[in-house]
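Please have the viewer open as you read.

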Amino acid sequence: MKAPPFAYARPTTLDSALELLAGNDDAKVLAGGQSLLPVMNLRLGAPALLVDISRIPMLDRIVVDDDGAVTIGALVTHAAVEASPEIASHQPIVAAAAPHIGHRAIRNRGTCVGSIAHADPAAEMPAVCLATDAMMIATSTRGDRAIPAADFFTGFLETDLADDELLAAVRFPASPVGARGTVVEVARRHGDYALAGLACRLVFDGDTITDAALAYFGVGPHAQRVAPAEAALVGTSGDDDALDEAVRLVAATLDPPADVHGSANYRRHLAGVLCRRAVTELRSETGEAR
Amino acid sequence: MSPDGNQGSGLGAFTGTSVKRVEDHRLLVGEGRYVADVVPDGCLHAAFVRSPFPHARITGIDTADAKRLPGVVTVVTGAEIEALTNPILPFLALPGLYTPLYHCLSSERVRFVGDPVAIVVASSRAIAEDAVELVDVTYEPLPGIGTLDAALDTASEPIWPKAKGNLLYDHTNDHGDVDAVFADADHVFTETFRCPRQSNQPMETRGILVEFSADGEITVRAATQAPHMLRWQLAAYARKESAAQAVKAFATNTERRTAFVDAAKSFFAERGEALQASDNTAMQTQMKTDPRTALQMMRTGAQLLGRDDYPHVTADDIGGGFGAKGSVAREEIAVAAVAFALGRSVSWIEDRMENLMDGGQAREEEMTLSIACDADGTIRGLDVDLVLDQGAYPGNPIGAPITVRIMEVMQPGAYRFEAFRQRSRIVTTNKGKYVAYRGPWANETWARERMVNVVARRLGISQTEIRRKNMYGDEDFPATMLTGPSLDVTCSVRKTLERAEELADLPGLDALRADAAARGKRLGIGFASYHEAAPGPPDYWESVNPGTSALLDQPATASVDTDGKIKIWTSQMPHGQSHETTYAQLAADQLGVGIDDIELVYGHTSRAPFDLLGTGGSRGGPVGGGAVRKVGRGLRAAVVAKAADMLEANVDDISIVDGNIHVAGVPARGLGYADLAARVVADGETVEGKDGTYAFNVEDTYTSAGDGGWSVATHVCWVEVDIETGLVDIPRYLVVEDCGPIINPAIVDGQARGGVAQGIGAVLYERAAYDDDANLQASTYMDYLIPTATEVPRIEVEHMETLSPGENDHRGVGEGGMIGAPAAITNAIEDALDVTVNEQYLPPTRILELAGVIEPD
């Protein structure tokens, strides 16, 4: 369980990192290393060059705009996200996801943006990005581009990022008025990847749901929203009838995989249970809109 | 007085108290020394080329590219290593069983995912792994045998061609008139129970370092539960002499030859009658199936007896084993053979993927149980059909054969059956090898305790009533199990059940169920009871494997150095059981000194007394501890005699308190152990012992067959099942155990809790998963889940301490937690779901399938 040979660079400026990425076909960005290094140690991946971005200034920033939009830089750890009062107040669904991610030691080193770039199908952050219409800020020697979450996750461990691009930040837009969000999941042990999980954001006008996002993880090759079930909730109060229909549509839409941890039927069933739990939790919330 | 506050006083002061573990400080501050911690200058590192296929022929192997990689010292294939090693031979064979002969690396055929086919030795493990990827092996895949049904199918591809099939053993024993009892009983109930494969998962993986000193002396350092076994196996298998060389060496080594002939004479003199009566069919089967066995045994035997300069094996700290490190690894033989050939130090530290493939697996059994009973709940007859999947290669030396024997002997449990039949079958499949795992026979308890609950449910009586009604109690003793072993008051299973019932607050159960239901959960409760031979009565092991009881004997030595330092020498190999603490407690009480005044010597084969089995089988307390008490007593007598002489007193008047040896009532005129030792030296009375000269040296052996009794427990588990997610919570867990008088209650609690944790793992988390074609599905900790602190509830442990009629009261607890837990947990889940549970492994998916919430895929 030793990594195959690789070259290693630790640039101190963003430009030099981008040049390294542009000049090497087989380079990988190393931030917290919580996904990449196990992959290498298991010899499931053998990048020729690791570009360690840990010494590049400014990437460890959490920036909050006046309207409540939050931009999280590529070196911000899960633990920093979890501990940030700004994120808790402006993007509570992002804060809600953090405690589910691995264990404390993993959150201390693993980065939020790294998890998004890695795009594990059972990871929480990609689903949160989908639920909040987040923008991915990619940068390269060719310039910057902003990629909507809906276009970013393209397959199993695959994203829209080009080989020479660094995912420099993720930007969560300001929450709509009346939005409430939660992350629910079931894992066999605390800290394991979820058997199924759901990042759910509902926008309420009084008791009526005016917008719904059901972004699932662990039930397909990548995080995915279930539009038919979302539509079934909009215009309702999330009452039992609406929930029954949403749960039916979740089960009809998802085609989850089976593995040693759970059958496809189990995951499909669990997706419905999570929908019911999340909507019920958000309906019962009072006071501040989230 | 020690820093832990362990203070010495009179006899019996330490035994029975929760003295702090002597081992803890060293391990917690990182001063433990494990095999991976020792890296001699210039040490080379090994890695193995392993089969990615469950079953295949090797049609080609090309190591040229790997050998060319800078840093690689050698690559040895399976075919090449046959010139350096002998094949591994059967041990403790059973009549009718075929045990394949095989080498440490495979050459013509691979038989499971992970089967080693070549060893790479390089200047670093990373380079060795790089080279592994450059070895080009051509495989021609064969059908993988991944299920019991496939193995039992006579048309299946034989994994061992000489066996002509994958069923290696099929034997039925009747105890009593089974057919008559079944015909006469009011009811016969039958269920089939399946337990999937699990894996012993010690924190430290396997590992070996063959170290050459500057002057060429070889020391083998390994993570092993049995250093002497490893030493002899390396001597037998990791070197290869021609038959002529071996015989010549034996003939010219007059000292060894004479010793062997003398030993053989006395062996036959003592056992002639038993040998004449014993059944030689075991070897006959083996020879008939594989005639090479005889030649190989003679040749390896002659090689072993020809020399006595084999490298010693040593072990310091070991990070757990749970039985797996009682096996000698094929990898260890390969590493040693290559290191011997190179004449250089070589280290192999197994990684977790290797460990999950090849480090030892266990428990895969399917058991069909029929119980004949009367309408009033009287249990009368038991019929068991057991199929055990031993995987591709036999456990070495402990594996499936001895396990099926123990399973049969213990299967009736503490119930008054009138008749019992057991059919035992061992099959081979394309999976990792079956080894002993903490309570290797535990599925007899699981299946029986499940079946007892099935009978109770069908008859409409409670799970506690059916047990109380049918279990042996004091009024029945002495009694004899149908399978042979005798039962006395130490078989106090029913007492633990009755105590557990009191503590379980059964009248409050309905309220708990209602409370759980209000939260959308289903609550269930499960009982399970067992007795285990730790060490068992004198007739226990004779019932399991006649004529081999002597293997279980334990030697020990108690000595006083010429400067007065007290040493206890044990053949036990501690790997987490706290021997240094408990043996010091026993010896300190015998010798009237403090815990810190005792040094425990173990591990190194040049110093540790000889014993093939090392630590295992819950024998550390009763048998190893019995030996310590025996030599401690002997040493005390010798010390007292010398002191009486010096103090001109009667031996009966000598007292030892806090290391002060004195005439009772006159402590001021006492002597220390150093004073006594100095006098022995001055008087020219020193004695030669192992590794030096001593003032006193008492060696003795404790026969496990002589004393003992049963270690017993009742487990009670409460579960709450979330019927939406299939997750199972354990709000309460109770163990009521009776291992006799306890040496150290905190350590006994820890053993019980650790065993229960592994039982929780077995039911809810752990599965060494293979698909039907025998492809391994769980090769990392992402897929093989081990319960952690967040999954293991607080476990209540209640002690009962029944005295035994024998001389040594302490009984073993190493395995019991793991034996009782799977049955208690699955019984509780059955109670919660109100369905029959036939599997041991119940992940969330299976829970919801059983509950009828989802359909299987």
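Two strands pair if DSSP finds at least two bridges between them. Strands (E, at least two residues) and helices (H or I, at least four residues) are DSSP runs, numbered from the N terminus. This is a predicted model, in which local features need pLDDT of at least 70 and side-chain atom pairs count only at pLDDT 80 or more, while totals for chains, interfaces and linings use all residues. Residues are numbered from 1 along each chain as its sequence is written, and chains are lettered from A and ligands numbered from 1 in the order in which they are written.

**Strands of chain B**

Let us begin with strand 15 (residues 365-373) of chain B. Seven of its nine residues are buried, where buried asks for 20 or more other C-beta atoms within 10 Å of the residue's own, with C-beta atoms placed from the backbone. Strand 15 of chain B has antiparallel bridges to strand 8 and to strand 16 of chain B, as the table shows.

| Strand pair | Bridges | Direction | Example of facing residues |
|---|---|---|---|
| Strand 8 (residues 187-195) and strand 15, chain B | nine | antiparallel | Phe193(B) and Met367(B) |
| Strand 15 and strand 16 (residues 379-389), chain B | nine | antiparallel | Ala372(B) and Gly381(B) |
| Strand 13 (residues 208-217) and strand 14, chain A | two | antiparallel | Tyr216(A) and Gln224(A) |

Strand 15 and strand 16 of chain B form a hairpin with five residues between the strands, and there Gly377(B) takes a positive phi near 95°.

**A sheet in chain A**

Chain A has an open sheet of four strands in the order 11-12-13-14, with antiparallel pairing. Its edge strands, strand 11 (179-186) and strand 14 (224-225) of chain A, each pair on one side only. Across strand 11, strand 12 (196-205) and strand 13 of chain A lies helix 12 (residues 264-284) of chain A, and the helix runs at about 35° to strand 12 of chain A. Axes here are lines fitted to C-alpha atoms, for helices over the stretch in contact, and angles run from 0 to 180 degrees between N-to-C directions.

**Domains and their contacts**

Domain bounds come from an automatic or database domain assignment. For chain A, the assignment gives domain 1 (7-52), domain 2 (62-172) and domain 3 (179-284). The C-alpha centres of domain 1 and domain 2 of chain A are 19 Å apart. In contact there are 12 residues of domain 1 of chain A and 16 residues of domain 2 of chain A, contact meaning that C-beta atoms, placed from the backbone, lie within 7 Å. On the domain 1 side, helix 1 (residues 14-23) of chain A gives the most, with five residues.

For chain B, the assignment gives domain 1 (24-32 + 554-702) and domain 2 (471-537 + 709-857). Their centres, taken over C-alpha atoms, are separated by 38 Å. Domain 1 of chain B brings 15 residues to the contact and domain 2 of chain B brings 14 residues.

**Where the chains meet**

Which helix of chain A gives the largest share of the side that touches chain B? The contact takes 20 residues from chain A and 29 residues from chain B. Helix 12 of chain A has the largest share of the chain A side, six residues.

How values were computed:
Two residues are in contact if their C-beta atoms, placed from the backbone, lie within 7 Å. A residue is buried if 20 or more other C-beta atoms lie within 10 Å of its own, exposed if 12 or fewer, and partly exposed in between; C-beta atoms are placed from the backbone.
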